[in-house]
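Thanks for coming, everyone. Please bring up the sequence and the structure, and keep both in view while I talk.

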Amino acid sequence: MKGYHGRFLEVDLSGGTCRDLPLDDEFCQKYIGGATMAAALVYERMDPASDPLAPESPLVMATGPFVGTPLPMVSRYAVAGISPLSGFWGEATSGGVFPFRLKGAGWDGIIFSGRAEAPVYLHLGEGEAEIRDAAGLWGRDSYETQEAIKSELEDDQLSVACIGPAGEKLIRYAGIMNDKGRAAGRCGLGALMGSKNLKAVAAGGKLRPQLADAAKAAELAKQAAAEIKGNLVSLAFREYGTLMYTDMALTLSDAPAKYFSKNVFGVEPFTGQALRQNYSVKNYACRGCPIGCGRDLKQFRPGVDVDGPEYETMVAFGPLCLNEDVDAIIEANHLCNQQGIDTISAGVSIAYAIHLYEQGVLNLNDVGFALNWGDAEAILKLVRMICEQEGIGVLLSQGTLAMARALGREEGEAAQVKGLEMPMHEGRAFHGLAISYATGPRGACHLKGDYYNVELGGMILEYLILPGERLESAGKAEPAAKYQSLKDLYDALTMCKFSPIQVTQLCQMLGAVTGWEPTPEDLLAAGDRSMAIKRAVSNKRGLGSQHDTLPAVCREALAEGSNAGVSPDMDTLLSEYYAYRGWDPETGRPGQDKLIELGLEHVAKDLYGG
Ligand code: SF4
């Protein structure tokens with residue numbers, strides 16, 4: 001197929017060798033790319049019983065077929081493997097220049113296995129791969145590492161994805177940073193990278209695969225860019241970044257506060273407008289994006305520019321901890337980026353610690369200082385202690401489920417699904433979101449579970465996914481499952497989820513790039529297949545239907561806000577969801593017939609024998 005280089009780079013870090021792994025057309029069409037192709041590769045290579053951080057545990061970085069084409073909003077990549085945080089399927093995506101450079105080096109992705117004896121990094125040039133010594137980089141933060149590699153290789157055009165000290169220390173929610181503050185943050189894949197003694201991947205290159213119809217791709221790209229520029233939501237993203245949603249989140253009771261026990265709070269300090277008024281904000285964009293939702297805060301401190309906090313980070317360190325000190329939230333964000341940890345898991349774990357302190361489960365002796373709601377200084381101290389692995393920070397660095405278990409608390413008090421901390425949108429405000437969170441391939445996932453966009457008018461006509469009553473559970477699971485499959489497909493295409501283009505356009509784009517022009521139904525089937533293979537990875541590691549749930553702390557009805565007294569009916573949502581997916585409600589596995597229908601005969605054979 002066109003649009004691919006037709007090869008991954010397979011790097012054995014134990015042996016210090018690199019070799020090509022050819023991809024055939026059938027494999028490309030079936031798994032498309034990105035996180036889905038990564039899932040197919042992880043499925044083949046995983047040892048279901050081994051520790052996620054064992055040397056044999058694979059780590060995949062993958063681009064999609066659109067990367068390197070003129071299409072807008074496609075410079076993204078997926079990182080995947082078994083999550084050190086959950087023990088199940090783990091994936092994260094990030095945008096920037098790195099994905100373009102990675103594919104520009106001449107491979108569609110990389111699979112790492114083994115563990116280097118000493119710290120190394122991988123340098124990719126055009127068609128060239130070299131494993132290099134990273135001893136001098138170990139211990140350096142993510143910003144320093146990116147600059148040091150560019151300067152060592154005397155190449156300013158290089159783009160670097162790396163871990164910070166958190167990944168080196170195997171912190172269970174360490175992420176991978178690229179292009180300064182862009183993050184593949186979730187699921188602890190930075191710890192997986194650290195366990196391999198792999199500090200960074202530095203990619204440089206401008207190779208582009210041949211396209212099936214380059215003129216058509218250029219025309220579609222032009223059309224899409226014009227639509228994106230004229231789209232009202234895109235304009236709001238450009239103006240205020242992801243913080244444009246803060247007001248709306250409050251109006252709809254969609255943002256959690258005080259460790260998920262409230263949904264009403266003063267919104268003023270946390271909005272995109274406030275950020276623009278109070279700081280010197282400069283936009284930045286992933287390569288080829290006409291929006292530019294990223295924010296640099298210039299001279300945050302004299303001589304220091306920092307990345308602006310995204311909506312998720314702002315709410316996690318803000319309302320969730322009842323903290324109104326935006327300076328401190330920006331500091332916390334910067335510290336997490338430097339050290340390379342996921343701001344969502346860190347913020348939720350800190351909010352849980354404050355809740356436990358209020359309940360008397362943690363005390364002054366355990367923490368070392370008083371821990372009260374809204375205490376910005378204490379929050380920053382805890383971020384540092386997590387990163388430095390000091391005192392109570394060691395427990396907080398393991399996430400809320402491990403915290404609840406260690407302290408003898410009910411697991412329903414831990415704000416997570418399958419071990420991954422809840423993002424900053426509320427399943428109680430949108431029941432389509434609740435079912436997506438409960439069943440998300442990596443756990444509670446705001447990027448595939450953003451059903452609020454549908455309820456707010458972002459309908460998908462090709463699949464009849466239409467706005468409905470947001471607080472209604474019956475009848476919501478099927479459109480939510482289809483929407484989830486579509487968003488899962490975006491991570492196969494490695495397309496930004498803020499792109500407003502339609503499914504029919506996606507089909508045309510795939511045709512122009514690869515030569516395979518699917519129907520919308522083919523694309524939905526590809527999304528369903530993607531969901532099924534990721535599910536099977538987790539099933540092989542012990543995942544069952546008992547894991548498809550929302551924790552009590554995020555499910556029980558709240559007393560105030562626009563959804564007061566209402567909670568999602570999880571039984572109805574789950575039974576309708578399993579019926580749509582063809583998953584067995586007893587075992588939580590994709591059914592044998594469904595797997596065969598999706599072309600996953602090898603998975604059916606594995607899970608059911610025969
Ligand atoms: S909208 Fe933001 S995340 Fe998406 S491609 Fe553009 S700059 Fe990147």
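Helices and strands here are DSSP runs, numbered from the N terminus: helices are H or I with at least four residues, and strands are E with at least two. By that count, the protein chain has 25 helices and 17 strands.

Two notes on the source. Residues are numbered from 1 along each chain as its sequence is written. This is a predicted model, so local features need pLDDT of at least 70 and side-chain atom pairs count only at pLDDT 80 or more, while totals for chains, interfaces and linings use all residues.

Start with the whole chain. The C-alpha atoms of the protein chain fill a box of roughly 60 × 55 × 50 Å, taken along the principal axes. Now the radius of gyration, which is taken over C-alpha atoms; the globule rule is 2.2 Å times the number of residues to the power 0.38. For 610 residues, a compact globule would come out near 25 Å, and the protein chain, at 22 Å, agrees with that.

Next, burial. A residue is buried if 20 or more other C-beta atoms lie within 10 Å of its own, exposed if 12 or fewer, and partly exposed in between, with C-beta atoms placed from the backbone. Of the 610 residues in the protein chain, 59% are buried.

Then contacts. Two residues are in contact if their C-beta atoms, placed from the backbone, lie within 7 Å. Take the contacts in the protein chain with a separation of 6 or more: 71% of them join residues 24 or more positions apart.

On to domains. Their bounds come from an automatic or database domain assignment. That assignment gives domain 1 (7-203), domain 2 (243-408) and domain 3 (427-608). The C-alpha centres of domain 2 and domain 3 are 28 Å apart. Their contact uses 12 residues from domain 2 and 13 residues from domain 3. On the domain 2 side, the touching residues are 7 nonpolar, 2 polar and 3 charged. For those classes, Ala, Val, Leu, Ile, Met, Phe, Trp, Tyr, Cys and Pro count as nonpolar, Asp, Glu, Lys and Arg as charged, and the others, Gly among them, as polar.

Now the ligand. Which residues are around the ligand? Among them are Met73, Phe237, Cys286, Cys289, Cys293 and Cys496. A residue counts as near if its C-beta atom, placed from the backbone, lies within 6 Å of the molecule. The shell has 9 nonpolar, 3 polar and no charged residues.

Look at arginine 238 next. It sits in helix H8 (residues 232-240). Arginine 238 is partly exposed because it has 19 C-beta neighbours inside 10 Å. Beyond its neighbours within four places in sequence, arginine 238 contacts Asn283, Ile291, Gly292 and Cys293. Ile291, Gly292 and Cys293 are also among the residues around the ligand.

Helix H13 (residues 343-359) has 17 residues and reaches 24 Å from its first C-alpha to its last. That is close to the 24 Å expected at 1.5 Å a residue, where the expected span is 1.5 Å times one less than the number of residues. In H13, 15 of its 17 residues are buried. Glycine 360 follows H13, and its phi is positive, near 85°. In helix H18 (residues 431-439), 9 of its 9 residues are buried. The cover over those buried residues includes strand E16 (416-417), helix H19 (452-455), helix H20 (477-493) and helix H23 (570-581).

Now isoleucine 82, in strand E4 (residues 76-82). Is isoleucine 82 buried or exposed? It is buried, because 29 other C-beta atoms lie within 10 Å. Isoleucine 82 and arginine 442 are 360 residues apart in sequence, yet 9.7 Å apart in space, C-alpha to C-alpha.

Last, backbone angles. Most residues other than glycine have a negative phi. Aspartate 179 has a positive phi, near 45°. Find aspartate 179 in the loop between strand E10 (176-178) and strand E11 (182-184). With 22 other C-beta atoms within 10 Å, aspartate 179 is buried. Glutamine 389 also has a positive phi, near 55°. Its loop runs between helix H15 (376-388) and helix H16 (393-396). Glutamine 389 counts as partly exposed, with 14 C-beta neighbours inside 10 Å.
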